[in-house]
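Hi,

Here is the structure I promised to pass on to you. Have a look at it first, and then read on for my notes.

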Amino acid sequence: MKNYDTLSEAINDLQQRGYTYDFNLEPECLECASMKIEIQPEDFKVDETYRFEGMSSTDDNSILYAISSINGIKGLLVDAYGVYAENISEAMRKKLR
């Protein structure tokens with residue numbers, strides 16, 4: 001894994017490496033709005049994870065996940081406060097840990 005100074009630097013590099021879709025975190029799955037699909041926890045893996053801490057406040061923390069699905073879709077999930085702040089299923093929590 002690489003080291004990045006900023007979230008935007010990491011996103012740009014990962015997009016160049018093929019993680020081109022944006023995922024949204026739903027309680028039971030990941031959603032890819034542009035493809036109009038939902039991906040269940042058993043159907044994806046987290047390839048890389050990066051944490052970024054805000055300079056002024058812990059509320060500025062974010063986590064970037066590089067994710068690939070079993071059918072070849074690669075994308076990014078940005079979680080502003082971390083997986084523990086979200087109302088998600090235990091299966092999703094374990095997958096993103």
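How many helices and strands make up the secondary structure of the protein? There are two helices and seven strands, counted as DSSP runs numbered from the N terminus, with helices being H or I of at least four residues and strands E of at least two. Along the sequence they follow the pattern α-β-β-β-β-β-β-β-α.

Before the details, a word on the basis. This is a predicted model, in which local features need pLDDT of at least 70 and side-chain atom pairs count only at pLDDT 80 or more, while totals for chains, interfaces and linings use all residues. Residues are numbered from 1 along each chain as its sequence is written, and side-chain values use heavy atoms, with hydrogens and water left out.

Four strands form an open sheet in the order 1-7-6-5, with mixed pairing; two strands pair if DSSP finds at least two bridges between them. The edges belong to strand 1 (21-22) and strand 5 (44-52), each of which has a single partner strand, so one side of each is left without a neighbour in the sheet. Strand 1 pairs with strand 7 (residues 74-79) in the parallel sense, over two bridges, and aspartate 22 has leucine 76 in strand 7 as its bridge partner. Helix 1 (residues 7-16) lies across strand 5, strand 6 (62-69) and strand 7, and runs at about 10° to strand 6. That angle is taken between N-to-C directions, from 0 to 180 degrees, with axes as lines fitted to C-alpha atoms, for helices over the stretch in contact.

On to the interior. Of the 97 residues in the protein, 37% are buried (buried is under 20% relative accessible area, exposed over 50%, partly exposed in between, with a 1.4 Å probe and protein chains only). The largest nonpolar core has 14 residues, and Phe23, Leu30 and Leu77 have the most contacts inside it. Such a core is a set of buried Ala, Val, Leu, Ile, Met, Phe, Trp, Tyr and Cys residues joined through side-chain atoms within 4.5 Å. Strand 3 (30-32), strand 6 and helix 2 (90-96) each give two or more residues to this core, and the largest share, three residues, comes from strand 6. Leucine 30 touches, among others, Phe23, Ile37, Phe44, Leu77 and Met92, leaving aside residues up to four places away in sequence; a contact here means heavy atoms within 4.5 Å. A second, separate core of nine residues includes Tyr4, Phe52, Leu64 and Leu76.

Finally, the charged pairs. The count comes to six salt bridges, each being a side-chain nitrogen of Lys or Arg within 4 Å of a carboxyl oxygen of Asp or Glu. One of them joins aspartate 13 to lysine 2, with the closest N and O atoms 3.4 Å apart. Aspartate 13 lies in helix 1 and lysine 2 in the segment before helix 1, so this pair ties together parts that are 11 residues apart in sequence. Aspartate 13 is buried at 16% relative accessible area, whereas lysine 2 is partly exposed at 41%. Aspartate 13 also meets arginine 17 in a salt bridge (3.1 Å, N to O). In helix 2, glutamate 90 and arginine 93 sit three residues apart, about one turn of the helix, and form a salt bridge at 3.6 Å between the closest N and O atoms. Salt bridges that share partners join Lys2, Asp13, Arg17 and Glu48 into one network.

Best wishes
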